[in-house]
Every structure is written in C-alpha cells, then in structure tokens.
Amino acid sequence: MRHTLPGVAVLPLLFLDVDGPLLPFGGDIAHHGPDHANPLLARLDPMHGPWLAALPCELVWATTWMDDANDLLVPLLGLPRLPVVTWQDDREAETADARRGLHWKTRGLAAWAGGRPFAWVDDEIGENDRAWTARHHPQALLHRVDPRRGLTDTDYLALDAWLRARQPC
Ligand SMILES: [Mg+2]
C-alpha cells in the first residue's frame, strides 16, 4: 500500500488487468507476431505498449499475472517494468466481499491508491464495484473493457480524457 503526502503533485494511477484488456479471449482473435512459449502471448498486440505509454498516468499491473506481467509482457510492449499490486491473502474478507458482489480486487486497489486518483481497467468490473468505489474513493474511474475485443481506440480515448482532467497542477 502506498500513501501520498497531501499537496504533493502526482500523476493519477492506472491499474491494468491483463486477461481481457490486453489479452482478449473469444473465437475470433487476431494473432500478432511470432509463436511464443505461452500461446496466450500471441494475442497481445504490441501497439498497446506505445498507446499505454502515451496515457498521462502511472501504469500499475493489477492482474493475477503478477510479476509475470513484467517478465513476459513488458518486453513485448516496450514498456519499463511497472509496479505490481499485491493483495492480502484474507479469505474471510474475500468471502465477505464476494457475498456483497464485490470483485476481489476492488477493495485492495482503493487501498493501494491511497489518496491518488485512479483508473481501473478490467473486464470484470460490475455495478457493485462502481457503487462501493464511489462511496470510498470518489476520484476513480472503473472502466470495463469488452474481453472479446480487448482495449480499443474508444477505451483509450475515454481513459485519456479522464486522466487528463486529473493531472496535478
Ligand atoms: Mg480480466
């Protein structure tokens, strides 16, 4: 978890899921580049690297790929290694959140962000996650991506507009 001193100018965060937003799944997926040891990686469009790098934010992995996102995806995307969100292994809290219809990432991302505005890009965001986050961390954009297509131009435009409106002065 990170905390930011009040008044310190920092970029908004962008928490990035991998399966769905960067690695779409479904019947009709375009394949990019050579064969990889992990066949999922053939679904990665390397152009996501420059598109993500152009967003005015600090990128953070928020994915079950954990450090594999840095080891396997970052070289293909041409990005620097990114911070990785880790979640506490708290079965009781997870069960309570699941009962309330909250995604298992939701509470941890708000905690990790501390006082910083954040966008969260994921294909599993639901209405309960939006409602909970609106109450507990109002400076957040929960942006759901269609996992059949992954991040599209429309998604990037929406994220860019939201992030630009939350730049430090
Ligand atoms: Mg996903």
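**Strands, salt bridges and surface features of a predicted model**

Histidine 31 is placed in the loop between β1 and α1 (48-53), where helices (H or I, at least four residues) and strands (E, at least two) are DSSP runs, numbered from the N terminus. The model described here is predicted, so local features need pLDDT of at least 70 and side-chain atom pairs count only at pLDDT 80 or more, while totals for chains, interfaces and linings use all residues. Residues are numbered from 1 along each chain as its sequence is written, and side-chain values use heavy atoms, with hydrogens and water left out.

At 54% relative accessibility, histidine 31 counts as exposed; here buried means under 20% relative accessible area, exposed over 50%, and partly exposed in between (1.4 Å probe, protein chains only). Histidine 31 is 32 residues from threonine 63 in sequence, and their C-alpha atoms are 22 Å apart in space.

We may turn next to the strands. Strand β1 (residues 13-16) is covered on both faces, with Leu13 and Phe15 buried on one side and Leu14 and Leu16 buried on the other. In a regular strand, side chains alternate between the two faces of the sheet. Strand β1 runs parallel to strand β2 (residues 58-61), and four bridges join the two; strands are taken as paired if DSSP finds at least two bridges between them. Another parallel pairing, also over four bridges, links β1 to strand β3 (residues 118-122).

A search of the whole structure finds nine salt bridges, each defined as a side-chain nitrogen of Lys or Arg within 4 Å of a carboxyl oxygen of Asp or Glu. One of them joins arginine 81 to aspartate 71, with the closest N and O atoms 2.9 Å apart. Because arginine 81 lies in the loop between α2 (67-77) and α3 and aspartate 71 in helix α2, the pair ties together parts that are 10 residues apart in sequence. Arginine 81 is exposed at 52% relative accessible area, whereas aspartate 71 is partly exposed at 42%.

Arginine 107 and aspartate 97 form a salt bridge as well, at 2.7 Å from N to O. This pair ties together parts 10 residues apart in sequence, since arginine 107 lies in helix α4 (residues 106-113) and aspartate 97 in helix α3. Arginine 107 is partly exposed at 33% relative accessibility, but aspartate 97 is buried at 6%. In a further salt bridge, arginine 149 meets aspartate 146, the closest N and O atoms being 3.9 Å apart; arginine 149 is exposed, with a relative accessible area of 57%. Salt bridges with shared partners also join Asp17, Lys105 and Asp122 into one network.

Two further local features complete the picture. Methionine 66, in the loop between β2 and α2, has a positive phi of about 45° although it is not a glycine. Most residues other than glycine have a negative phi. Methionine 66 is partly exposed, at 27% relative accessibility.

Glutamate 92 is placed in helix α3 (residues 91-99) and is exposed, with a relative accessible area of 69%. Together with Asp89, Asp90 and Glu94, Glu92 forms a negative surface patch. Such patches are made of residues with over 30% relative accessible area and no salt bridge, like charges being joined within 9 Å and nonpolar side chains (Val, Leu, Ile, Met, Phe, Trp, Tyr) within 5 Å.

Note on methods:
Accessible areas come from the Shrake-Rupley method with a 1.4 Å probe; for residues, only the protein chains shown count as cover. Lys and Arg count as positive and Asp and Glu as negative; His and the chain ends are not counted. The place of a charge is taken as NZ of Lys, CZ of Arg, CG of Asp or CD of Glu.
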